Amino acid sequence: MSKSNERPWLNIFLGALCVGAIVIGYTTVGQASQTSSQSRRTATVAKGVVQSTVSGTGTLQPATKVGVNFAVSGTLTGVSVSVGDHVKGGELLAEINPSSAESSLRSAELDLTGDEASYRDAVEGLTPTEQHEADIGAEQSRASVKSAKQSLRQDQQTAKSEAASANATLAQDEVSLKSTEQSLAVEATSQQDTVNEDLSQRSSDEGAVAEARSKLQEAKSAPSAGAGESKVASAESTLKSDESKVTQDSNSIVSAQNNQAAGAVKSEQSIDSARNTVANAKTTKASTKLRNDQTIAQARTSLASQELSLQSTLASNEVKAAPPKTSTVVSAENTVKSAQMTVEKARETLSETKLYAPTEGVVASIKDTVGESVSGTGTEASSSEKTASGSGTASSGAGSSATSGSGTSGASDSGTSAAGKSAGAAGSAGTSGTGTSSSGTGTSSSGTGTSSSGTGSSSSGTGSSSSGTGTDGGSTSGGGGSGASETGGGTISSDSGGGSFHDVADTSGGAASSTGTTSSSTSSTSSESSSSSFIELVDVQGYQVVVPLSESEIGNVHVGQIATVTVEALSGKKFAAEVVSLAVLSTSSSGAVSYDVTFQLDQVAAGFKPGMSATAEVVVKQAEGINVPTSAITAGSVTVERGGKQVSQAVTTGLAGNSSTIVLSGLKAGETVLLPASSSSSSGASLTSKLGASKTGTLGGGSGGLGGGGGFPSGGGPP
């Protein structure tokens, strides 16, 4: 059932407004035209309802936009839809090359097969063949230990034998050295004796020579001639013989001494040779001992290693033969489960190479073409009305969308979801708000609002978050321009000529009503923001308008207020709407501060197109009572006709606007008050056109309006 059917009173109300517009256009403007020639205008004091409204301009945007992306990256191989196609949830949209995903799936399945085999091994224990292999391994280890022991014994015996041989050789060489030393000592003594004997013989022979010389001298000195000569000759012969012996003795001494010297050298060489032999024997003994010690140490190390290997083999066999441990089985089971999850993920990844529509909608854009590479980023929803049921994801507002299943709502441009129907329904706060608004209203800053109870209550402001504060140039928070209506302070010249409009403060303490004919809109661009999504789906069955309101206006606006939206492209046709969210954070442009307000249209026309300009207007205050046109009041007084005279009457005013003002005291219904003279005679149609953007209007009886002093639903009416 449409919202228009749910609120029949709203349709009646809008109809009454239209009738009132016709009546007031005829009576009020008509009277002004008739009296303009007389430079005198009047109005009748009447009882009625005075309304204060605020309005702003934005663009129509679908209430729900879904950016659809592949969950995985790849090369686009096919697109099954075109822009403008209406698709249903689950319908195939596009495909990417699945070869990589298929390869990953095959690899994961092979890993799973291996892990399942390992699990079976952990559970079943050793097979007979494996047990036989374990027994063979143990026997081989035992044989290695036995061989190492035998090698150690052999090395020890070899070392003992070689040590005995080295000792025997050394002892023999030492005996030989001693024998050589003794033999050479005897020989040296004999040679010394020979030298001594030769020296003694020469000494004896030298004595004989001396004696022979003495006898020769005696013989030569004898007086007898005959006998003396023979004695001399005999003495000379003896002398020569003795001298010859001395010479021979000297030669013998030299020869003996030479033999002695040669024998000493030979003895020294023999002794050195014998000593070297002994030294070599000692060296051989030491090196043999060192080598044998090393060999024995290596054999002992090898034996110890083989014994450890045997123990390890036996222990390993015992472990293999023992029943499987719970931890081993659990670990193997967990490994299988992990591999199964990997397979499932790989299958899911393979399935994600095909992109399906997550919901029903119209294809608004397609980013890539066949053959291009696409990036897998998932699906982003942007909505103020709808959420993924049970997903924990609120897709609120026209701002950032939340990733499906993340448990956080996307930050709305205006903060609060549509009447609490979005973020609250998901039971989550609009806390992420980091994506880019797809409606062209800027980047949401950081959703700071919270869901009061997650129940979707409109009064609790469920799912509120900050307004978009980024860049966009859209018609709401992101764009340029002030976007705020003129409020308070200063005077604005009237297009209708002459006079001026003044802000009159509301006695209730609210914000000053806007005056003048300025338009409260921002410098907007196309409402179709560039989407980073591969395919963007929109729901053309529901539309929103996001408009900025000034800081003086926003205080009187709250979620749930009824409103009207005027679509300029449809001949200014008005549609029922509702305030669904208010921005928490403000935006500023050229020094003007504004807050984004989101209006949800309750009616949809066939001619609606995203991006159409629209003006949203909401009644923020109204009061019933005696009222007069606001322009009739000057400095707290009015000029009233009484008894054919014009009398200045002080009045106490209530709710005020540029069209009509409540008079609390000083006037009665039916009295006639004077209006400021017009500088030119403007036609009713012209005056209505120039004042059509007025912010307040009057509903009720009396002259000059719908029942007196009234105005158009948009706040129009004569000043």
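Is Tyr 543 buried or exposed? Please go on from there to the aromatic rings that pair with one another.

Modeller: The model is a predicted one. Tyr 543 is buried, because its relative accessibility is 2% and the cut-off for buried is under 20%.

Now the ring pairs. Searching the whole structure gives three aromatic pairs. One of them joins Tyr 543 and Phe 608: the ring centres are 5.3 Å apart and the planes stand at 80°, so this pair is edge-to-face, the cut-off for that class being over 60 degrees. The two residues come from distant parts of the chain, 65 residues apart. Tyr 543 sits in strand β12 (residues 535-550), while Phe 608 is in the loop between β16 (592-601) and β17 (613-629). Phe 608 is also buried, at 5% relative accessible area.

Phe 608 has a further ring partner, Phe 575. Here the centres lie 4.9 Å apart and the planes are at 75°, so this pair too counts as edge-to-face. Phe 575 belongs to strand β14 (residues 573-582), so its pairing with Phe 608 in the β16-β17 loop ties together parts 33 residues apart in sequence. With a relative accessibility of 4%, Phe 575 counts as buried.

Taken together, Tyr 543, Phe 575 and Phe 608 are linked into a cluster by ring pairs.

Terms used. Residues are numbered from 1 along each chain as its sequence is written. This is a predicted model: local features need pLDDT of at least 70, side-chain atom pairs count only at pLDDT 80 or more; totals for chains, interfaces and linings use all residues. Side-chain values use heavy atoms; hydrogens and water are left out. Rings of Phe, Tyr and Trp (its six-membered ring) pair if their centres lie within 6.5 Å; planes under 30 degrees apart count as stacked, over 60 as edge-to-face and the rest as tilted. Helices (H or I, at least four residues) and strands (E, at least two) are DSSP runs, numbered from the N terminus. Buried means under 20% relative accessible area, exposed over 50%, partly exposed in between (1.4 Å probe, protein chains only).
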